[in-house]
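This report considers selected local features of one protein model. The sequence and coordinates are shown first.

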Amino acid sequence: MWWEIKLNSKRLKKMIEEELDFYQRGYRGTSTLIALGRAYMYLGEYEEGRKYILKCIEKRRELVEEVKVKYGYESDSVAINIARIAKHMRWIGELEQMKEEFAEASRIFGRVYEKEREEGSVLALRPWGHPDFYVLWATAEYYTGNLQKAVEIKRLMEGRRGVIPGGFAECILKKDPEGIKKIMSNIIGVIKEEKMPPDEDELVDDPWHWYEEGKKILGLPSIFDVYDKTPPIFNYSEFENG
């Protein structure tokens with residue numbers, strides 16, 4: 001099937017072994033926690049994976065408190081960390097809370113952008129130089145249903161790689177499942193060419209997250225199905241011969 005990526009269980013177990021070694025030695029940052037969470041989930045150990053993703057959410061909440069003290073609550077750093085918390089919630093099916101977190105991130109992103117635009121700052125003048133801000137802002141708008149806003153943010157980035165939620169949003173608005181399939185094919189190509197393990201959450205474009213989201217949109221088997229039973233936007237039967 002065009003949409004399949006075959007994961008090597010031995011590599012996943014090796015990744016878990018290495019990350020658990022870090023964890024047991026006290027290295028419990030978000031990258032270690034998300035690596036463990038996703039690896040366990042891809043091995044089919046969903047509740048074990050969920051446990052580490054919840055720990056990652058807790059760690060990010062601590063980061064929100066830290067950056068809030070340093071930069072203030074309505075800051076890009078707070079918005080970015082709240083958006084990442086919401087993304088983690090997508091993996092464990094906490095959909096209502098996910099939407100609440102994304103809505104708050106969206107509000108802060110918008111306030112920060114307007115302030116920076118009025119001041120003529122580089123964040124507003126050169127969006128491509130701040131991919132974390134814009135990609136996660138587009139992600140927040142996508143998941144809160146503000147699809148047109150996600151498309152507008154994508155256009156601000158002038159075609160830079162990584163604004164996948166804006167691309168998905170545009171295809172959904174146009175009722176264009178073939179467009180989703182094309183974006184999916186590009187994501188799959190990047191993952192395979194660059195041999196990306198599924199723990200690449202720290203990359204701003206996070207291809208594995210959008211790989212699973214794309215499959216969910218098209219009604220293909222997705223790891224998100226484990227905790228999210230909502231129906232797909234498009235029907236897989238349209239692609240069986242694709």
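## Basis of the model

The structure discussed here is a predicted model.

## The α3–α4 helix pair

Helix α3 spans residues 46-71 and helix α4 spans residues 76-91. Their axes come within 9 Å and cross at roughly 170 degrees. An angle over 145 degrees counts as roughly antiparallel, and α3 and α4 are therefore roughly antiparallel to each other.

On the α3 side, the contact is formed by Ile-53, Cys-56, Ile-57, Arg-60, Arg-61, Leu-63, Val-64, Val-67, Lys-68 and Tyr-71. The residues they meet in α4 are Ser-77, Val-78, Asn-81, Ile-82, Arg-84, Ile-85, His-88, Met-89 and Trp-91. Sorted by class, this contact of α3 with α4 comprises 12 nonpolar, 3 polar and 4 charged residues.

## Cysteines

How many disulfides does a search of the whole structure find? The search returns 0 disulfides. In general terms, a disulfide is a covalent bond that joins the sulfur atoms of two cysteines.

Cys-56, one of the α3 residues that meet α4, has a relative accessibility of 1% and counts as buried. Cys-171 is also buried, at a relative accessible area of 9%.

Lys-216 belongs to helix α11, which covers residues 207-218. Is Lys-216 buried or exposed? Its relative accessible area is 8%, and because buried means under 20%, Lys-216 is classed as buried.

Apart from neighbours within four places in sequence, the residues in contact with Lys-216 are Arg-90, Ser-222, Asp-225, Asp-228, Lys-229, Thr-230, Pro-232 and Ile-233. For Asp-228, the backbone oxygen lies 2.8 Å from a polar atom of the Lys-216 side chain.

Most residues other than glycine have a negative phi. Lys-175 has a positive phi, near 55 degrees, and is not a glycine. Lys-175 lies in the loop between α9 (164-173) and α10 (177-193), and at 66% relative accessibility this lysine counts as exposed.

Asp-206 likewise has a positive phi, of about 40 degrees, without being a glycine. Asp-206 is placed in the loop between α10 and α11. With a relative accessible area of 0%, Asp-206 is buried, whereas Lys-175 is exposed.

Key: Residues numbered from 1 in each chain as written. Predicted model: local features only at pLDDT ≥ 70, side-chain atom pairs only at ≥ 80, totals over all residues. Heavy atoms only, no water. Axes fitted to C-alpha atoms, helices over the stretch in contact; angles between N-to-C directions. Helix = DSSP H or I, 4+ residues; strand = E, 2+ residues; numbered from the N terminus. Parallel < 35°, antiparallel > 145°, perpendicular 65-115°, else oblique. Contact = heavy atoms within 4.5 Å. Nonpolar A, V, L, I, M, F, W, Y, C, P; charged D, E, K, R; others polar. Disulfide = S-S within 2.5 Å. Buried < 20%, exposed > 50% of the residue type's maximum accessible area, 1.4 Å probe, protein only. Polar contact = N/O pair within 3.5 Å; in protein donor to acceptor, adjacent residues only side chain to side chain.
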